[in-house]
Amino acid sequence: MDSAASLHIAMFPWFAMGHLTPYLHLSNKLAKRGHRISFFIPKNTLNKLLHLNLYPNLITFFPLNVPHVDGLPHNAETTSDVPFSLFPLIATAMDRTDKQIELLLEELKPQIVFFDFQYWLPNLTQKHGIKSLQYLIWNPISTAYLGNIPRKSRGKELTQVDLMKPPSEFPDSCIKFHSLELRFLASARKLEFGSGVLLYDRIDIGTESSDAVAFKGCREIDGLYTDYLQTVFGKPVLLSGPLLPEPPNTTLEEKWETWLKGFKHESVVFCAYGSEGPLEPNQFQELLLGLELTGFPFLAALKPPNGFESIEEALPEGFSERVKGKGIVYGSWIQQQLILEHPSVGCFITHCGAASITEGLVNKCQLVLLPRAGSDHIMNARVMSRKLKVGVEIEKGDEDGLFTKESVCEAVKTVMDDENEVGREVRTNHAKIRNLLLSENLESSCVDSFCQKLYDLL
């Protein structure tokens with residue numbers, strides 16, 4: 001196929017903001033090269049993403065009517081509308097959009113559809129002579145380690161012992177799991193995730209049925225794992241580039257700008273714990289007490305912990321008075337990208353979601369890693385702390401997975417201390433990776449190479 005011709009690509013991500021947003025970031029990078037994008041999105045969620053569409057002449061949103069599923073609140077469309085326990089019902093609702101999707105494919109006739117959790121999609125695309133690409137927003141090491149085990153054991157119950165060792169030929173030794181993480185990962189394999197399908201089978205069947213698989217990442221960091229996966233899967237495994245955030249077209253809210261500039265260069269600790277899944281009350285308090293213990297000014301963007309309606313009622317006793325003027329706990333959406341770019345911010349405590357990790361790496365603030373239980377978050381934390389050594393992970397109990405105020409304080413002080421040997425190594429490595437990611441041609445050459453591989457696929 002003539003590589004000068006523009007492609008028509010349909011995007012159909014899982015109904016979660018953490019998937020819809022990176023899919024749109026990738027759409028912008030493809031549209032910048034003249035490719036046409038049809039983006040399938042839940043109807044009421046559309047307004048949340050409109051401002052991120054940088055090429056409205058090439059990226060067209062197609063709103064989906066998300067069918068109601070018993071047990072879901074009225075108008076719930078994405079995972080941000082419900083607690084984690086109801087995510088499987090969101091998956092059922094997404095599966096029930098299949099007739100709408102088929103009509104859209106018949107009408108629009110894209111050449112290729114990108115998808116992630118819709119294991120049934122490749123059967124639809126094959127029927128209409130359209131290619132399918134399973135585009136996964138996480139680091140390929142997660143699939144290389146965890147995604148390769150169920151391929152050989154579908155239907156067999158996996159134990160913690162099975163997960164302790166990587167699959168044969170796995171090209172790395174940096175991944176070690178805590179006991180609690182192994183229990184979580186083993187139990188996650190039994191998790192029914194909508195329409196009677198197990199979560200890992202949902203991904204695995206999609207991998208087997210698609211024409212190709214792709215990940216967010218670049219060869220310089222992830223090439224080892226994609227080469228390995230290509231051998232395992234027996235089909236093309238592509239990298240889209242690191243999806244660096246586009247410069248925002250807004251400025252930092254005045255209240256944050258005013259507050260941050262009251263502190264010294266690189267002295268503020270910023271903690272953002274993701275838009276989904278609150279902490280348990282005891283861990284919420286340990287995190288805040290740990291921030292207080294560091295002695296640094298801090299801004300923590302957190303959801304109220306489980307069982308609490310507001311941030312204020314969940315704060316440790318006397319906390320507000322003690323940190324007044326130098327510590328803020330904020331319970332709403334916050335301009336993370338702009339805050340990370342602020343010169344006063346010196347440390348970023350992250351839940352280790354893929355987008356947050358990338359935003360942290362391209363800024364100068366040092367990374368402190370506090371992964372959620374999700375498998376890709378754990379993997380991201382281990383790669384960042386043990387392989388690339390660009391951040392320090394907060395220590396947790398092996399059996400209970402709990403962190404303490406002391407372990408929070410220690411991790412922050414390690415990365416903020418110029419004299420600390422580990423801190424110095426982390427700073428040096430972070431600077432190298434940042435320079436690599438921001439180097440003039442890295443991302444553009446990654447996306448160009450990705451587009452060429454899409455042409456090859458067609």
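Visitor: Which residues lie nearest the centre of the largest cavity?
Guide: Keep in mind that this is a predicted model. In it, 17 residues line the largest cavity. The ones nearest its centre are Asn-139, Lys-216, Asp-222, Thr-358 and Met-384.

Visitor: How much space lies in the largest cavity?
Guide: To be counted at all, a cavity needs 30 Å³ or more, and 3 cavities make the count. For the largest cavity, the space is about 230 Å³.

Visitor: Which helix provides the largest share of the lining of the second largest cavity?
Guide: About 70 Å³ of space lies in this one. Its lining is Pro-22, His-25, Lys-216, Leu-243, Pro-245, Ala-355, Thr-358 and Glu-359. Two elements give two or more residues to it, helix 1 (17-31) and helix 15. The largest share, 3 residues, is from helix 15.

Visitor: How do the residues lining the second largest cavity divide by class?
Guide: Sort the lining by side chain: Lys-216 and Glu-359 are among the residues on the list, and the charged class holds 2.

Visitor: Moving on to the second largest pocket, which of its lining residues are the closest to its centre?
Guide: About 360 Å³ of space lies in this pocket. It has 18 lining residues. Closest to the centre are Lys-29, Leu-244, Pro-245, Glu-246 and Glu-443.

Visitor: Which helix gives the largest share of the lining of the second largest pocket?
Guide: Helix 14 (336-341), helix 18 (421-438) and helix 19 (442-457) are the elements that give two or more residues to this pocket. The largest share is 3 residues, and it comes from helix 19.

Visitor: How many charged residues does the lining of the second largest pocket have?
Guide: Lys-29, Glu-246 and Glu-443 are among the residues closest to the centre of this pocket. Over the whole lining, there are 7 nonpolar and 4 polar residues. The charged class has 7.

Methods
Residues numbered from 1 in each chain as written. Predicted model: local features only at pLDDT ≥ 70, side-chain atom pairs only at ≥ 80, totals over all residues. Heavy atoms only, no water. 1 Å grid on protein atoms, 1.4 Å probe; cavity = no way out; pocket = protein on both sides within 12 Å on 5 of 7 lines; lining within 4 Å. Points joined across faces, edges and corners; volume = space filled by probe spheres on them. Helix = DSSP H or I, 4+ residues; strand = E, 2+ residues; numbered from the N terminus. Nonpolar A, V, L, I, M, F, W, Y, C, P; charged D, E, K, R; others polar.
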